[in-house]
Amino acid sequence: MAKVELKGIGKVYDGNVRAVDNANIVVEDQEFVVFVGPSGCGKSTTLRMVAGLEDITEGELYIDGELMNDVPPKDRNIAMVFQNYALYPHMSVYDNMAFGLKIRKTDKAEIERRVNEAARILDIEKLLDRKPKALSGGQRQRVAVGRAIVRNPKVFLFDEPLSNLDAKLRVQMRAEISDLHHRLKATMIYVTHDQIEAMTMSDKIVVMKDGKIQQIGSPLYLYNHPINKFVAGFIGSPPMNFLTVKIVEKGGKLIADEGSFEMTPTEDQAKTLKSYIGKEVSFGIRPEDLVYTKTPTPNNNMQMKISVIEPLGAETHLHLNTKTQSVIAITAPDNKFQIGDTANFTPQMEKAKFFDRETDLTICEVVKSE
Ligand code: ADP
């Protein structure tokens, strides 16, 4: 059992750098939670406060209901896997994995049992005699994870563990860590700037920006119900398109006017957009929610010029320009397009989002934080 709770946690570094502000997070027992956000948003600092590697400036940290603020790292029953692996170069894989147990004076036979078990789980049994320099990046990462497993910790913490691996290996290790989570049934907190890692691995995502939590929720909840423009643009790939549009009333109906074309909000959207008549808002539409049509859809057509064609095999990405703005759309690979062509797209309005231009908050829907 290991539940981790952050209550109003904040961090101010020397020199008055505020790295984290009022973080409230509950990581349930056996949950895989990812902290995600751009570089410098405070995710590593938050993780390091959980590990005990940074002092907590404000707030309270609980593990299984016990206040941890002043408990030294070695007594928190936590194991951390770092981006740079932090392996001892002069020690064999076996000794690297055994080291933490040796300094805790664990019985020799027990150390052997745990190292062999971890090596079996990670499929590195044949590498136990090697030194780290004789290992590939992926193997080193496995050893670093192995060193955490042998400790049998209550909580695993990962700080960008896959950043140093090439793209193919990252995809493989991503799946391995997810698999490990299911097998060990451990509580895991994982820090990354990569939203794809966050989406694919987590039960729950904590999106951070400028030291502040923006939203917490399951991957699909955040994808479908982003609380603001930042979360909307951060979750999803290629990212959501944003177009500035003016809300106008025409013949008793609300219209979102882009300048080059007009779109018709759904009835529900129109109700909330009423207070924006005459104002500009940000219209958000994901590339996958722009549907190519040969003939324009009445009242809801985006006619745009193709500037770039990116065939990816399973799908093709089109970069499209309105008179003043640009978007990306995903289309089927078999459409024959030419650069410079004009093409019609129907935005799936029920999936579209509108954002207030001043607050960046989502308009038209009540979104929860969890
Ligand atoms: P992330 O992990 O999201 O990239 P960090 O938690 O590392 O972000 O950093 C958050 C902010 O705190 C940044 O502005 C960073 O420059 C600052 N920071 C991090 N470590 C220190 C430190 N030891 N001293 C002063 N400022 C720091």
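Trainee: How far is a nitrogen atom of the ligand from an N or O atom in the side chain of Tyr13?
Mentor: That distance is 3.4 Å. Keep in mind that this is a predicted model.

Trainee: And Gly40, what does a polar backbone atom there sit 2.6 Å from?
Mentor: An oxygen atom of the ligand. Thr45 also reaches a ligand oxygen, with a polar side-chain atom at 2.5 Å. Taken alone, the ligand exposes 560 Å², and the protein buries 59% of that.

Trainee: Which residues are around the ligand?
Mentor: Tyr13, Ala19 and Pro38, then Ser39, Gly40, Cys41, Gly42, Lys43, Ser44 and Thr45.

Trainee: How do the shell residues divide into nonpolar, polar and charged?
Mentor: Four are nonpolar, five are polar and one is charged.

Trainee: Which helix gives the largest share of that shell?
Mentor: Helix 1, residues 43-51. It supplies three residues.

Trainee: Switching to helix 4. How many of its residues are buried?
Mentor: Eleven of the 14, so helix 4 is largely enclosed by the rest of the structure.

Trainee: What about its length? How far does helix 4 reach from its first C-alpha to its last?
Mentor: It reaches 20 Å, close to the 20 Å expected at 1.5 Å a residue.

Trainee: What follows helix 4?
Mentor: Asn152, with a positive phi near 50°. Helix 2 is followed by Lys105, and the phi there is positive too, near 60°.

Trainee: Stay on helix 2, then. Which of its residues are buried?
Mentor: Helix 2 runs over residues 93-103. Its buried residues are Val93, Asn96, Met97, Ala98, Gly100 and Leu101.

Trainee: And what covers the buried residues of helix 2?
Mentor: Helix 3 (108-122) and helix 4 (137-150) are among the cover.

Trainee: New topic: Phe355. Where is it found?
Mentor: In strand 20, residues 353-356.

Trainee: Why does Phe355 count as buried?
Mentor: Because its relative accessible area is 0%, and buried means under 20%.

Trainee: What is Phe355 in contact with, leaving aside neighbours within four places in sequence?
Mentor: Quite a list. It includes Asn228, Lys229, Ala232, Met240 and Phe242. Val281, Ser282 and Gly284 are on it as well.

Trainee: How far apart are Phe355 and Gly284 in sequence and in space?
Mentor: They are 71 residues apart in sequence. In space they are 7.5 Å apart, C-alpha to C-alpha.

Trainee: What share of the chain's contacts with a separation of 6 or more comes from residues 24 or more positions apart?
Mentor: That share is 67%.

Trainee: Last one, the whole chain. How many helices and strands?
Mentor: Nine helices and 21 strands. The chain has 370 residues, and 50% of them count as buried. The C-alpha trace spans about 80 × 45 × 35 Å along its principal axes.

Trainee: And what does the accessible surface come to?
Mentor: About 17,800 Å², with 48% belonging to carbon and sulfur atoms.

Notes. Residues are numbered from 1 along each chain as its sequence is written. This is a predicted model: local features need pLDDT of at least 70, side-chain atom pairs count only at pLDDT 80 or more; totals for chains, interfaces and linings use all residues. Side-chain values use heavy atoms; hydrogens and water are left out. A residue is near a molecule or strand if one of its heavy atoms lies within 4 Å of it. A polar contact is a pair of N or O atoms within 3.5 Å; within protein, one must be able to donate a hydrogen and the other to accept it, and residues adjacent in sequence count only if both atoms are side-chain atoms. Accessible areas come from the Shrake-Rupley method with a 1.4 Å probe; for residues, only the protein chains shown count as cover. Helices (H or I, at least four residues) and strands (E, at least two) are DSSP runs, numbered from the N terminus. Ala, Val, Leu, Ile, Met, Phe, Trp, Tyr, Cys and Pro count as nonpolar, Asp, Glu, Lys and Arg as charged, and the others, Gly among them, as polar. Buried means under 20% relative accessible area, exposed over 50%, partly exposed in between (1.4 Å probe, protein chains only). Contact means heavy atoms within 4.5 Å. The expected span of a helix is 1.5 Å times one less than its number of residues.
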